[in-house]
Amino acid sequence: MISTKPKKGHLLIAEPSTIGDISFNRSVVLLADHNEEGSVGFILNKPLGFTIQDLIPEINSDFKIYNGGPVEQDNLYFIHNIPDLIPGSIEISNGIYWGGDFESAKELMNQGLIKKSNIRFFLGYTGWDAHQLEDELEVNSWIISENKYRNKIIGKSSNSFWKERIMELGGEYLIWSNAPENPTLN
């Protein structure tokens with residue numbers, strides 16, 4: 001379940017010790033790319049208060065927008081599991097794809113041919129310079145986990161995702177699963 005080396009498609013679960021970190025407290029990040037130059041990921045469980053139609057009125061869809069991370073939050077990114085419908089996609093792993101022809105995606109959404117379980121939109125992304133993620137792993141900022149959900153992770157509920165992953169880890173992590181997000185408010 002837990003790996004020691006990050007790779008594309010893995011999940012990064014924020015350690016409970018990241019309390020107070022506005023961007024990453026209780027985050028689960030899908031690692032979209034990882035190589036010697038750096039890493040890119042998207043926070044899966046931080047929905048924002050608006051939909052794709054709020055950002056792009058010509059799209060007739062109420063798909064939620066998620067906070068992908070603190071980098072380039074004025075840019076829209078998306079992952080999906082329908083590369084046969086969205087050309088130009090890049091496979092992350094396990095049938096999860098990043099980006100592709102946005103005009104095709106827009107048209108398919110307007111036709112009702114894409115479901116919430118097929119696509120997820122993000123403002124911004126999470127990025128690490130070369131070896132930065134490894135440094136964060138050494139100081140126990142993240143727990144690396146396999147993505148057992150494969151391409152179904154796109155439709156996975158976001159509200160309790162961090163808690164579910166922490167409970168699956170068991171042991172010393174169980175106490176954190178029911179702790180308030182900010183223990184100082186307890």
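This briefing describes selected strands, helices and residues of one structure. The model is predicted, so that local features need pLDDT of at least 70 and side-chain atom pairs count only at pLDDT 80 or more, while totals for chains, interfaces and linings use all residues. Residues are numbered from 1 along each chain as its sequence is written, and side-chain values use heavy atoms, with hydrogens and water left out. Helices (H or I, at least four residues) and strands (E, at least two) are DSSP runs numbered from the N terminus.

**Strand 2 and its partners**

- Strand 1 (residues 11-14) runs antiparallel to strand 2 and is joined to it by three bridges; two strands pair if DSSP finds at least two bridges between them.
- Within that pairing, Ile13 stands opposite Val28 in strand 2.
- Strand 3 (residues 38-43) is also antiparallel to strand 2, with six bridges between them, and Asp33 stands opposite Val40 in strand 3.
- A hairpin of two residues connects strand 2 to strand 3.

**His34**

- His34 belongs to strand 2 (residues 28-35) and is buried, with a relative accessible area of 18%.
- Its side chain makes a polar contact with the side chain of Ser39 at 2.5 Å, where a polar contact is a pair of N or O atoms within 3.5 Å; within protein, one must be able to donate a hydrogen and the other to accept it, and residues adjacent in sequence count only if both atoms are side-chain atoms.
- A polar contact of 3.1 Å links the side chains of His34 and Glu134.
- Leaving aside residues up to four places away in sequence, His34 touches (heavy atoms within 4.5 Å) Pro6, Lys7, Lys8, Ser39, Leu133 and Glu134.

**Strands 7 and 8**

- Strand 7 (residues 90-93) and strand 8 (residues 96-98) run antiparallel and are joined by three bridges.
- Glu91 stands opposite Tyr97 in strand 8.
- The hairpin of these strands has two residues between them, and Asn94 takes a positive phi near 50° there.

- In helix 2 (residues 102-110), the residues Ser104, Ala105, Lys106, Leu108 and Met109 are buried.
- The buried residues of helix 2 pack against strand 9 (119-129).
- Gly112, which follows helix 2, has a positive phi near 75°.
- The buried residues of helix 4 (residues 161-169) are Phe161, Trp162, Arg165, Ile166 and Leu169.
- These residues lie on the same side of helix 4 because they cover an arc of only 130° around the axis, taken from the directions from the helix axis to the C-beta atoms.

Note on methods:
Buried < 20%, exposed > 50% of the residue type's maximum accessible area, 1.4 Å probe, protein only.
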